[in-house]
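Then let us walk through it together, from the whole chain down to single residues.

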Amino acid sequence: MPDVLDPLAGLVKRRKDPVVVQTLRATAAATIAYVVALQLSSEPAPLTAPLTALLVVQVTLYATITTGVRRVNAVVVGVIIAIGFSALVGLTWWSLGLIILVALTVGNFVRVSEFVVEVAISAMLVLGVTRVGATAWDRVLETLIGAGVGLAFNLLFAPPVWVETAGESIEDLARRMRRLLLHIGEELGGHTPVERAAARLHEARRLDQDIAQVDGALRQAEDSLRLNPRVKEGLLYRVVLRTGLDTLEICMVVLRVMARTLTDLAKKRTDEPLFPPDVATGLEDLFVHLASAVESFAVLVTTQVSANAEEAESRLASELTKAHASRDQAAHALLQRVQQHPRQWQLHGALLAEIDRILDELDMEQRSIRLMEELDRSAREQRERYPLLHKLQRRLRERRAKGGGPA
């Protein structure tokens with residue numbers, strides 16, 4: 001008995017996992033669609049309905065609506081093409097090839113996106129049956145049932161908001177950037193073999209490539225906020241997270257360039273430390289504050305509770321202040337050394353420029369300006385794209401302000 005319950009217990013523990021949620025929701029929606037289709041369709045096994053529901057139901061409500069419309073469009077177009085062909089020719093090898101060609105061509109003009117192949121599949125299935133007319137419209141009915149059940153399922157049981165998952169991905173990226181900055185700082189005062197410096201460069205490149213995975217998690221979170229009845233400030237959440245990831249992505253690119261600069265310096269100084277002890281101490285202190293600032297920035301953009309956000313903002317401001325002070329001290333020490341020993345002075349200047357770029361990107365005042373600009377731009381685009389929805393939202397806000405609607 002315990003062996004039987006173990007998989008169920010594991011499933012309960014992973015109830016917030018997108019894969020688990022999608023599996024349970026799709027299974028329930030497909031089953032309900034099949035039961036409804038049994039009552040309404042004349043087909044003995046109306047499997048098109050659960051198939052449609054299975055493909056329509058996505059992790060987010062926004063994806064469900066957009067996918068449902070495209071899929072229904074694809075199926076209806078395919079059925080219409082099959083009805084037209086059935087009136088002229090039967091099922092032969094050349095008519096099958098011709099209907100596939102026509103269906104794929106038409107599918108690219110009716111804006112069904114990834115469901116272009118579904119146009120051809122629907123046309124082939126309908127053309128291949130005997131009672132073409134009845135089966136064609138039964139297939140349309142089953143498709144509408146599946147899409148309707150999928151949409152109703154997400155309206156009645158609102159899908160989860162994946163902001164927390166995206167926030168964890170962003171914070172994990174920032175922690176990995178922090179570790180890399182700390183490791184680089186620790187190696188500045190000693191003899192750094194070229195192989196070790198190159199390893200840091202490869203690590204920075206891997207982090208840069210992993211940003212695509214974080215971006216995927218953020219896109220899922222953005223979709224989960226759109227049209228979700230449980231979210232009141234969806235636009236704000238989307239913009240805060242997106243601008244935050246954009247900032248970290250720029251910092252990651254600069255960090256990769258910084259690792260390249262230090263690798264070039266290691267190639268020039270194979271028998272001596274990268275920097276003299278006094279300069280290395282200041283730079284190491286700078287990298288410590290820089291690493292903490294990156295992590296604090298990630299916590300700030302992913303925190304939704306105001307009290308925690310204020311704490312993260314205060315910590316970020318403190319780390320940036322310390323980083324600027326350490327940067328000035330390290331720059332002064334570097335200038336004195338370069339004046340005495342000007343070897344590879346351009347690499348020293350490049351390192352300082354890269355540090356300045358990261359500090360500028362993390363600057364709180366610049367972030368506030370960028371955030372307001374992005375909010376204005378997103379709100380303007382949304383008004384232009386959905387004017388009727390904007391008018392409806394404005395009326396609802398006016399009703400709430402007058403006390404005529406829900407709080």
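Of the 407 residues in the chain of this predicted model, 42% count as buried. The fold is built with 15 helices and 0 strands.

Now look at one helix, α5, which covers residues 93-107. How far apart are its end C-alpha atoms? They are 21 Å apart, which agrees with the 21 Å that 15 residues should span at 1.5 Å a residue. The buried residues of α5 are Ser95, Ile99, Ala103 and Gly107. Viewed down the helix axis, these buried residues fall within an arc of 95°, so they line one face of α5. The face turned away from that buried side carries Trp93 and Leu101, which are exposed.

Next, move to the surface and find a nonpolar patch formed by Ile32, Val36, Leu40 and Leu141. Together these residues have about 290 Å² of accessible area. Which helix gives the most to the patch? That is helix α2, residues 18-40, with 3 residues. Valine 36 has its place in α2, and it counts as partly exposed because its relative accessibility is 30%, between the cut-offs of 20% for buried and 50% for exposed.

Conventions: Residues are numbered from 1 along each chain as its sequence is written. This is a predicted model: local features need pLDDT of at least 70, side-chain atom pairs count only at pLDDT 80 or more; totals for chains, interfaces and linings use all residues. Side-chain values use heavy atoms; hydrogens and water are left out. Helices (H or I, at least four residues) and strands (E, at least two) are DSSP runs, numbered from the N terminus. The expected span of a helix is 1.5 Å times one less than its number of residues. Buried means under 20% relative accessible area, exposed over 50%, partly exposed in between (1.4 Å probe, protein chains only). The arc is that of the directions from the helix axis to the C-beta atoms. Patches are made of residues with over 30% relative accessible area and no salt bridge: like charges are joined within 9 Å, nonpolar side chains (Val, Leu, Ile, Met, Phe, Trp, Tyr) within 5 Å. Accessible areas come from the Shrake-Rupley method with a 1.4 Å probe; for residues, only the protein chains shown count as cover. A salt bridge is a side-chain nitrogen of Lys or Arg within 4 Å of a carboxyl oxygen of Asp or Glu.
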